[in-house]
Amino acid sequence: MACIELKQVSYRYPTSKTANLKEVNLTVESGEFIAVIGRNEAGKTTLCNVIRGFAPHFYQGKLSGSVHVNGKDVLRTEIGDLSWDVGYVFQNPFNQNSGVKATVYEEISYGLENLGIPRREIFDRVDEVINLLGIAYLADKHPMKLSGGQCQRVALASIIVMEPAILLIDEPTSQLDPKGTEDVFKIIDMLKKKGKTTILVEHKIDRVAEYADRVILMDEGRIVRDGPAAQILSDPALLEYGVTLPQTALLGLRLREEGLPLERIPITIDQAAVSIGALRKEGGGI
Amino acid sequence: MDLNQLHQLVASSRRGRFWLDLNPMTKMVLAFCEVSLAICMPGFAYGFLLMAVLMLCAATCGLGKTYGKIMLSVLVIFVGLMILARALFYEGGGEVFVTLGRFSIYKGGVLAGLRASSVILGFSSALVFFYASTEPEYLMLTLEQYRCPPKATFVILSTFQMIPQMGVNAKTIQDAQRARGIETEGSLWVRAKAFIPMLMPLLLSSFSAAEEKSLALETRGFNYDSPKTRLRIVEDSKAQKAARIGLIAVTAAACVTGGYFKWLA
Amino acid sequence: MKALELKGVSFTYPNGFKALGKLDFSIAPGEKVAVIGENGAGKTTMAKLTNGLLRPGAGQVLVNSEDTAGKTVAAISRHVGYVFQNPDDQICNQTIYKEITYTLRYNKSCAPEEIDRRVKEALALAGMAGMEEVNPYDLSFSHRKFVTICSVLLQEPEVVLLDEPTAGQDLACMRRLENILDHLQKKGTAVLTITHDMEFVVRNFQRVVVMAHGGIISDGTPREIFWNLDVLREAALHQPYISALARRIGLPGKVLTAEEFAAALRGSGRTL
């Protein structure tokens, strides 16, 4: 059975004049790593809100269609119960602190405390996560005294430790510097290698190209493209939807226009180094 | 810090000093008793004595400076003013204590001032010592053990962290407003004018942050309906439980007795 | 005449951290400069020194050849417009109109007709034409960033400083931002931008300043900077993607853009 299943979902926030999601159909299998791209206000965050049940339980508003997540009917499940199934990491690193814990270690354990996990197990799980994410050196620091990148890593740890079936990560690096971005993507890489079902909303398209297997393009509340990353991210039509292509894809398209016989448009530097570099060595001209 | 040290840090409330390690409920009962006695004790020695005793206790657990600073302010401002006010505006006549120019300070007035000060000092010493020696988090955990709803303790605790944070935010906002041309340096009027542009972003961004924070809490299972586990255990003991009951009993008796004598006087 | 000059400026924070040591920097009217470097290199410190939020421990800060010492931040802000990273630290009004005209009305420094003209121009540039009565908090974070940019545009300062303007922006917003930078340059405003986006730098700037360890370690064209691997290493920065690829496959020349890459590929024996 699919991990996430949205059927003909339409949703409108109470303060919105038009529908924020229009007839969205989405099926996600367990273990998939999906990137959601699109211009600002295309509906990417709304999609995440629906999967997590914030829409309609928190925001109210009208939702039609069906939403099933990890076997549960989201519309009929208590918002609190969904904490077991869907984890959510937000854009603003500083607004994710609980505000009641004095050390990072306790901050990470907060979710498990709320779920009533036995004490011994909490210690084991938090120990494992801080080692896995390499943040043991932050464990005794005060959560309010961390940098943006550190906060975001703690937020990720706090959600990963709850072992939800699905992870929603909404533009985690948009307010971080390159080092913070790098640190966050190391964690995302680890999640991918572990086969966690992940939906990542990101503007940094070059990064998306490195990690996503499947890419969903949204525009005006609809899913307008849904397919393998290599295919979606090399399609010039993306520009019409207000999304830039990876630098290497733009280059690849440009070279192809000029006559270079590129078989596939590369979307990462590694791919480009291989395909363009190979052509250069071979001496393949026109 | 290795894992074991971390576990120790987060799992217990023990800090190695007597007053810091006392269960918050014990300290709360103690503070309550001290305050009750302040009201019921006759004479004026109680408040001053209590302040001195608590000062010593504070010093034994490294809180001397914190406690001392606050009590000094209370002493100078409230107590000083109280004695002065009572002494200057005493209507009872009687024996004169001292004459300052045209004003006569009567002994009765000074005594009245001292008695009122004793009450103020009794209250403030007790509460300040409680505040200084009790970690808000440990107090909240104790209240939860007495079946206070976790959402209530959350609200109180998060306020504690939020206030210094707002102070930091206020500075950032002040810088941003100065940088866009709002004058904050100069006369009182200029500074007063700048109050609104300082306050508004603080409030507005607090509201918009509140929504994000609620959602973030939601993802941490805040609304999940189940008994919560707590990593940290706040220590209590049979001895302390007995002491609490004993304290209340003794204080009740002392208050009745003292109150009787006060009423007689 | 330089629009902005820092002469021998150094700064140490109260906690003892020496953020800047004897810095010299200047920017002429109509010049666009990108400031890059990792966090902690001193970029924000330098930025705050330009408008008086921080005062130099030693050295001088000159705006339009006048020393800023002794002038209040608000007074300097008429000449140095600083666009902060977080718009929510500034927005204190309920409509965009009130917000962006706030300082002009607060200081009564501009005639109403002139204010209206500036408002229309700024909103058009920011892609928010006709949105004078909208509440900034009803809009997205990205829109609010443009609101604060408009506030600065309305002041018409000689120097505009933007702190990470591209964070969280999508393609359309990025293009609008680049338009605004061009517009400012044409008007003769000196533009200083702190950024981490190397591709943004390549597209928009002819001069790049690299900061590391509290000082400027390099000041040159994007080509000079992004192909100086020693400087990049010292500043803990990466090359832009296209340059990195060119280097990886051994293309000759110092490639920065796709056009140059294609040309270099053509030139190196491949007939395309």
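## Burial and the model

A residue counts as buried if 20 or more other C-beta atoms lie within 10 Å of its own, as exposed if 12 or fewer do, and as partly exposed in between, with C-beta atoms placed from the backbone. Helices (H or I, at least four residues) and strands (E, at least two) are DSSP runs, numbered from the N terminus. By these terms, 13 of the 15 residues of α6(C) are buried, so this helix is largely enclosed by the rest of the structure.

This is a predicted model, in which local features need pLDDT of at least 70, side-chain atom pairs count only at pLDDT 80 or more, and totals for chains, interfaces and linings use all residues. Residues are numbered from 1 along each chain as its sequence is written, while chains are lettered from A and ligands numbered from 1 in the order in which they are written.

Start with α6(C). Its 15 residues reach 22 Å from first C-alpha to last, close to the expected 21 Å. The expected span of a helix is 1.5 Å times one less than its number of residues. Just after α6(C), E156(C) takes a positive phi of about 50°.

Helix α7(C) covers residues 171-187. With 17 residues, α7(C) reaches 25 Å between its first and last C-alpha, close to the 24 Å expected. Its buried residues are C173(C), M174(C), L177(C), I180(C), L181(C) and L184(C). Seen down the axis of α7(C), they fall within an arc of 120°, so they line one face of the helix. The arc is that of the directions from the helix axis to the C-beta atoms. The cover over the buried residues of α7(C) includes α6 (141-155) as well as β3 (32-36), α5 (112-125), β7 (159-163), β8 (190-194) and α8 (198-204) of chain C. Here contact means that the C-beta atoms of two residues, placed from the backbone, lie within 7 Å. G188(C), with a positive phi near 95°, follows α7(C).

## A hairpin in chain C

Two strands pair if DSSP finds at least two bridges between them. Strands β9 (residues 207-212) and β10 (residues 215-220) of chain C run antiparallel, joined by 5 bridges. V209(C) has D219(C) as its bridge partner in β10(C). The two strands form a hairpin with 2 residues between them. In the turn, H213(C) has a positive phi of about 50°.

## Strands of chain A

β8(A) pairs in the parallel sense with β3 (residues 33-37) of chain A over 4 bridges. There, V36(A) stands opposite V201(A). β7 (residues 166-170) of chain A also runs parallel to β8(A), through 5 bridges. L168(A) stands opposite I199(A).

Chain A also has an open sheet of 4 strands, in the order β2-β1-β4-β5, with antiparallel pairing. Its edge strands are β2 (21-28) and β5 (72-73), each pairing on one side only. Within this sheet, 7 bridges join β1 (residues 4-12) to β4 (residues 62-69) of chain A. R12(A) stands opposite K62(A) in β4(A).

## A residue in helix α10(A)

D270(A) lies in helix α10 (residues 269-282) of chain A. This residue is partly exposed, with 14 other C-beta atoms within 10 Å. D270(A) and T248(A) are 22 residues apart in sequence, and their C-alpha atoms are 9.5 Å apart in space.

The domain assignment of chain B gives domain 1 (14-134 + 237-264) and domain 2 (150-219). Such bounds come from an automatic or database domain assignment. Taken over C-alpha atoms, the centres of the two domains are 36 Å apart.

Toward chain A, 33 residues of chain B are in contact with 37 residues of chain A. On the chain B side, the elements giving two or more residues are α1 (3-11), α8 (150-179) and α10 (195-219). The largest share, 8 residues, comes from α10(B). This side divides into 16 nonpolar, 9 polar and 8 charged residues. Ala, Val, Leu, Ile, Met, Phe, Trp, Tyr, Cys and Pro count as nonpolar, Asp, Glu, Lys and Arg as charged, and the others, Gly among them, as polar.

Toward chain C, 20 residues of chain C are in contact with 19 residues of chain B. On the chain C side, α2 (73-76), α4 (102-106) and α6 of chain C each give two or more residues. By class, this side has 9 nonpolar, 8 polar and 3 charged residues.
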